[in-house]
Amino acid sequence: MQSVSDGPATAAQLVDALREAGQAGTTVRFRGGGTKLAWGACGPEPERELATVGLDRIVEHNAGDLTAVLEAGVPLERAQAAFAEAGQMLALDPPAGDATVGGVVAAADSGPLRSRYGGPRDLVLGMTVALSDGTVARSGGKVIKNVAGYDLAKLFSGSLGTLGAILELSVRLHPLPEATATIAAGSPEPGALGRAALALSHCPLEHAGLDLRFGGGEGAVLMRFAGAEPLKQAEAAARVLHEAGLDGSVVEDDEAAWRRQREGQRSANGSIVRVSARQTTLPKVMEQARRHGARLVGRVPLGLCWLALEDRSAGEAATAVEELRRELAPHSCSLLDSPSELRGRVDPRGPRDDGELLLTQRVKQRFDPAGICSPGVVV
Amino acid sequence: MTSVAASRDLTGLAAELRGIVGDEHVVNHEHQLRTYASDGLLQYAVTPGLVVLPGSAEEVLRVVAACHTAGTPFVARGAGSGLSGGALPVEHGVLIALSRLRRILEVDLDNQRVLVEPGVTNIAVSQAVGPSHYYPPDPSSQIVCTIGGNVAENSGGAHCFKYGFTTNYVTGLELVLPDGSLVRLGGRESDLPGYDLIGAFVGSEGTLGVATKIWLRVIPRPESVRTLVAFFESTSEAGEVVSEIVSGGIVPGAIEMMDNLSIRAAEGATGAGYPQDAGAALVVELDGSEAECEVRFDEVLRICRGAGSTSVRVAEDDVERELIWKARKAAFAAMGRIAPNYYVQDGVIPRTKLPEVLRQIDELAREYELQVANVFHAGDGNLHPLVCYDGHRRGEPERAEELAGLIVKACVDAGGSITGEHGVGVDKKRYMPQMFGEADLATFQRLRCAFDPEGLANPGKVMPTPRLCGEVPGPYRQHPLEAAGLAERF
């Protein structure tokens with residue numbers, strides 16, 4: 001592969017390069033921070049890589065309106081630092097590292113804040129994209145409420161760069177909370193944790209995160225509060241927990257606990273299986289994690305879990321993925337991080353609905369008729 | 001591209017549809033058809049060729065398939081309460097009224113999900129999961145408007161500044177595509193592999209197909225709700241307060257503003273106790289955990305008083321809260337007291353541009369010698385200027401329409417949008433080129449063509465000019481894995 005790690009210097013140059021690739025039928029992959037390149041299904045190794053590293057301007061930060069416009073290659077951490085100066089944040093906290101905003105949106109990655117603020121699709125107000133025929137198109141806008149035209153930003157969020165390149169994003173920002181506090185309660189029993197998680201999820205307290213973690217013979221449920229009175233809210237949550245059969249303790253300095261939750265969504269050398277479960281089936285997923293010796297992070301209101309399969313051969317991991325799919329059906333189990341050897345053995349996506357696939361392919365053909373943008377990664 | 005000219009003779013199709021839904025659920029008498037000629041935007045009326053009222057998702061599927069075979073365009077309609085002409089029928093087309101699909105199919109409170117048919121009203125969802133939970137999007141028409149219509153329009157409401165819109169609450173859809181095929185997207189769960197086709201469908205104004213089942217997310221009712229209305233001498237003073245509240249890190253559940261003209265109209269209609277001489281009323285509602293709400297509410301009170309509020313009324317109970325909201329919610333209907341007709345716009349501006357745009361609207365109203373009442377969702381900058389006119393006065397409707405158009409332009413020029421929640425429909429499609437260029441519109445059309453290559457679903461809406469779909473260009477490229485026999489195309 002001809003790697004262009006420095007990438008085009010401007011959006012216009014990226015569009016030119018993409019158009020040329022489209023005309024020549026050269027397959028391309030878009031690259032932000034390069035932190036999630038293995039996500040999606042296995043496609044052929046692309047012939048060309050187009051990095052967004054040159055698209056690194058924070059175009060607008062309208063602090064009074066709590067909105068911003070960013071080029072796709074802006075590293076998420078740099079954007080957050082800029083917003084923080086005005087006491088604001090983009091409410092996306094995936095395990096970031098070098099990730100760019102464009103990459104986070106293209107992969108629809110998210111972190112614990114999603115339970116309160118939604119994921120990339122919910123925070124992106126507008127998007128400028130480039131298609132493989134050189135078309136540059138904008139959808140949405142810069143205001144937080146807008147229903148004019150189709151919402152192509154949602155279509156491109158999570159599309160893994162298979163429909164075209166994201167060039168620029170306008171996003172909604174939120175105030176940074178002045179303080180946070182977390183209540184955490186431990187138990188080695190999936191059933192007890194599940195009951196506590198459900199009680200917290202259904203209580204009328206407004207949280208900034210409600211997660212599970214499980215592995216190594218122990219587990220915990222964590223609920224975070226943010227704002228002017230987080231401690232009082234955490235104490236109220238302690239009473240809900242107590243009624244649900246667990247006693248928790250309140251931590252004010254809670255950043256490390258939540259960083260650990262975020263980091264649990266990734267695996268440097270092993271594999272991550274993301275399970276799209278339901279709140280009520282979280283105990284079942286924890287049981288399966290225990291059975292397979294996997295460490296688990298769960299996002300309770302969404303019913304999502306990330307299972308890390310580590311310290312095993314690709315063959316053992318493949319067997320575990322297949323068993324998880326069988327035991328947890330009809331819940332979808334997708335492979336995110338995983339060694340290429342494992343991806344050769346199991347389909348990273350698992351079974352899909354025929355009608356949805358056909359429609360997905362029709363969308364792909366209309367947006368990328370040349371079929372050059374990461375073919376095979378989604379369809 | 002299938003080039004089937006829509007037949008004007010619907011006799012054969014009518015017979016087929018009767019066979020699907022039963023004689024009594026196909027309407028083809030002229031006077032009955034006229035009942036469906038308009039939606040909530042009465043300025044437009046088109047009598048449909050046929051109205052069909054299917055009773056199940058299966059019947060919707062067969063009706064759409066029959067329309068597809070006949071090459072006859074169709075329009076889906078919920079309660080017909082939309083304000084952009086989105087459910088305006090197509091002449092010689094079929095109107096599919098979904099009012100019989102009004103079953104709540106499943107309430108899964110443990111997982112905070114509800115499965116409904118499209119004809120279920122918005123309020124019925126909250127009623128089905130109350131009192132512990134509710135469905136946040138709350139358009140003013142929530143007593144009558146349907147979830148199917150909300151999905152088509154991506155409806156918002158007074159509380160969407162904090163809680164978001166319909167699109168943030170739909171987790172699954174069963175769709176009938178315009179070719180009569182059925183697709184299931186999502187469900188109770190999040191993050192299923194593949195494109196976010198649900199996100200693409202919600203807000204597509206009926207142009208991509210018909211939703212026949214909808215999974216919705218519901219949330220716990222907040223522990224505490226505090227509501228106040230503060231009165232100011234001018235909208236610019238009230239606007240300053242909005243900025244100060246929001247930039248101070250407070251995210252109100254709702255923050256709504258009314259100007260003097262709308263206060264007078266609403267007060268006349270409701271007797272809610274709003275002072276008729278107030279220049280502006282600001283309704284602020286905070287909700288959430290009780291401890292947080294109390295502190296924030298005191299901050300809001302302090303900001304209102306510090307900014308020169310002439311008086312502040314705090315709701316002490318639900319009855320007083322309802323009374324405060326009564327005036328706000330009655331504002332549209334009360335406009336009859338000011339003028340026989342009004343033209344409502346739905347522009348959005350960045351919140352910080354509020355004083356500037358309101359000044360422009362004022363100047364335009366004077367120039368056009370018309371009254372404009374302003375009611376708006378101040379938190380998200382969504383304006384609802386009501387251009388008042390008398391339809392019987394020669395030239396006045398045209399002047400009102402022109403003025404309304406200039407207000408939309410002022411919103412777009414300020415960096416905003418032509419529509420925040422009412423949709424483009426037929427009414428605002430002419431403004432689309434102010435917001436989007438040719439390449440943008442052509443890219444929208446790609447999505448349309450993926451779902452509806454023959455352009456049968458709600459044609460003539462959203463896009464400013466009619467467009468056709470060509471065949472998918474480009475050669476089919478065999479996937480290398482496919483060539484190696486390792487994978488199939490799907």
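**Exercise 1.** Determine how helix α7 and helix α10 of chain A are arranged and which residues join them.

*Solution.* Helices here are DSSP runs of H or I with at least four residues, numbered from the N terminus. In this predicted model, the axes of α7 (residues 190-201) and α10 (residues 282-291) of chain A come within 8 Å and cross at roughly 150°. Axes are lines fitted to C-alpha atoms over the stretch in contact, with angles from 0 to 180 degrees between N-to-C directions.

Next, the contacting residues are listed; contact requires C-beta atoms, placed from the backbone, within 7 Å. Helix α7(A) contributes A:Pro190, A:Gly191, A:Leu193, A:Gly194 and A:Ala197, while α10(A) contributes A:Leu282, A:Pro283, A:Met286 and A:Glu287.

Finally, the residues are sorted by class: six are nonpolar, two polar and one charged. Ala, Val, Leu, Ile, Met, Phe, Trp, Tyr, Cys and Pro count as nonpolar, Asp, Glu, Lys and Arg as charged, and the others, Gly among them, as polar.

**Exercise 2.** Describe the side of chain A that touches chain B.

*Solution.* First, the count: 77 residues of chain A are in contact with 79 residues of chain B. Next, the elements: α13(A) gives the most, with 11 residues. Elements supplying at least two residues each include α8 (230-243) and α13 (354-367) of chain A. Last, the classes: 29 residues are nonpolar, 28 polar and 20 charged.

**Note on conventions.** Residues are numbered from 1 along each chain as its sequence is written, and chains are lettered from A in the order in which they are written. Local features need pLDDT of at least 70 and side-chain atom pairs pLDDT 80 or more, whereas totals for chains, interfaces and linings use all residues.

Conventions. Contact = placed C-beta atoms within 7 Å.
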